[in-house]
Amino acid sequence: MLLMGALDNETPAAWCDAVLPAVQAAGAPVVFHGYVKEREQIARHYAAADASFSVCPVETFGLAALEALACGTPILTADTGGAHELIDQSCGASAPPDPVAMADALLALMARPRDEVRAAARARAELYPWSTT
């Protein structure tokens with residue numbers, strides 16, 4: 001799992017500082033990349049991912065989810081919030097924002113034909129051009 005983001009250009013989000021060492025100590029393959037400035041690099045990370053998580057139940061729009069869809073990456077999201085409104089069953093999955101439901105939804109999403117889901121993700125993103133968002 002690759003986590004990207006920061007509170008600013010220098011400082012990783014506080015929760016990553018607190019949680020990441022424990023997760024890595026448990027043997028989970030998690031890397032916190034920190035802030036990524038270059039759009040091309042962000043797009044490469046999204047495109048390389050099997051899925052992108054946008055699980056905040058109060059997300060107002062879901063721009064990160066839309067960026068991932070544009071890179072052909074399916075989305076797993078909470079069944080509430082803005083990111084949920086961006087996806088349909090062809091390009092992602094949603095579930096209540098609890099760990100068991102999210103894990104089940106992710107397993108179901110990963111069992112679907114990869115090429116079909118990635119093509120549907122890109123097609124879904126194209127429904128939201130800058131001119132209308």
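Me: A nonpolar core is a set of buried Ala, Val, Leu, Ile, Met, Phe, Trp, Tyr and Cys residues joined through side-chain atoms within 4.5 Å. Buried means under 20% relative accessible area, exposed over 50%, partly exposed in between (1.4 Å probe, protein chains only). How many residues does the largest nonpolar core have?

Reply: This is a predicted model, in which local features need pLDDT of at least 70 and side-chain atom pairs count only at pLDDT 80 or more, while totals for chains, interfaces and linings use all residues. Residues are numbered from 1 along each chain as its sequence is written, and side-chain values use heavy atoms, with hydrogens and water left out. Ala-65, Leu-69, Ile-75, Leu-86, Ile-87 and Cys-91 have the most contacts inside the largest core, whose size is 13 residues.

Me: Which element gives the largest share of this core?

Reply: Helices (H or I, at least four residues) and strands (E, at least two) are DSSP runs, numbered from the N terminus. Helix 3, helix 4 (82-86) and helix 6 each give two or more residues to this core. The largest share is four residues, and it comes from helix 3.

Me: How many residues are in the other core, the one with Ala-51 and Val-117?

Reply: This core lies apart from the largest one. Ala-93 and Ala-105 are also among its members, and its size is ten residues.

Me: What does Ala-65 touch, beyond four places in sequence?

Reply: Contact means heavy atoms within 4.5 Å. Ala-65 is among the core residues with the most contacts inside the largest core. Its partners beyond four places are Ser-54, Ile-75, Ala-83 and Leu-86.

Me: How are helix 3 and helix 6 oriented to each other?

Reply: Axes are lines fitted to C-alpha atoms, for helices over the stretch in contact, with angles from 0 to 180 degrees between N-to-C directions. The axes of helix 3 (residues 63-70) and helix 6 (residues 114-125) come within 7 Å and cross at roughly 125°. Under 35 degrees counts as roughly parallel, over 145 as roughly antiparallel, 65 to 115 as roughly perpendicular and the rest as oblique. The two helices are therefore oblique.

Me: Which residues of helix 6 meet helix 3?

Reply: From helix 3, the contact uses Leu-66, Leu-69 and Ala-70. From helix 6, it uses Ala-121, Arg-122, Arg-124 and Ala-125.

Me: How many residues of this contact are charged?

Reply: Asp, Glu, Lys and Arg count as charged, Ala, Val, Leu, Ile, Met, Phe, Trp, Tyr, Cys and Pro as nonpolar, and the others, Gly among them, as polar. Five residues of the contact are nonpolar and none is polar. The charged ones number two.

Me: Is Ser-52 buried or exposed?

Reply: Ser-52 is found in strand 3 (residues 52-54). Beyond four places in sequence, Ser-52 touches Tyr-46, Ala-68, Thr-73, Pro-74, Ile-75 and Leu-76. Its relative accessible area is 11%, so Ser-52 is buried.

Me: What separates the C-alpha atoms of His-33 and Met-4?

Reply: His-33 is found in strand 2 (residues 31-34). At 34% relative accessibility, His-33 is partly exposed. Met-4 is 29 residues away along the chain, yet the C-alpha separation is 5.2 Å.

Me: Which residues is Thr-80 in contact with, beyond four places in sequence?

Reply: Thr-80 lies in the loop between strand 4 (75-78) and helix 4. With a relative accessible area of 37%, Thr-80 is partly exposed. Its contacts beyond four places are Cys-56 and Pro-57.

Me: What share of the protein chain counts as buried?

Reply: There are six helices and five strands in the protein chain. The chain has 133 residues, and its buried share is 32%.
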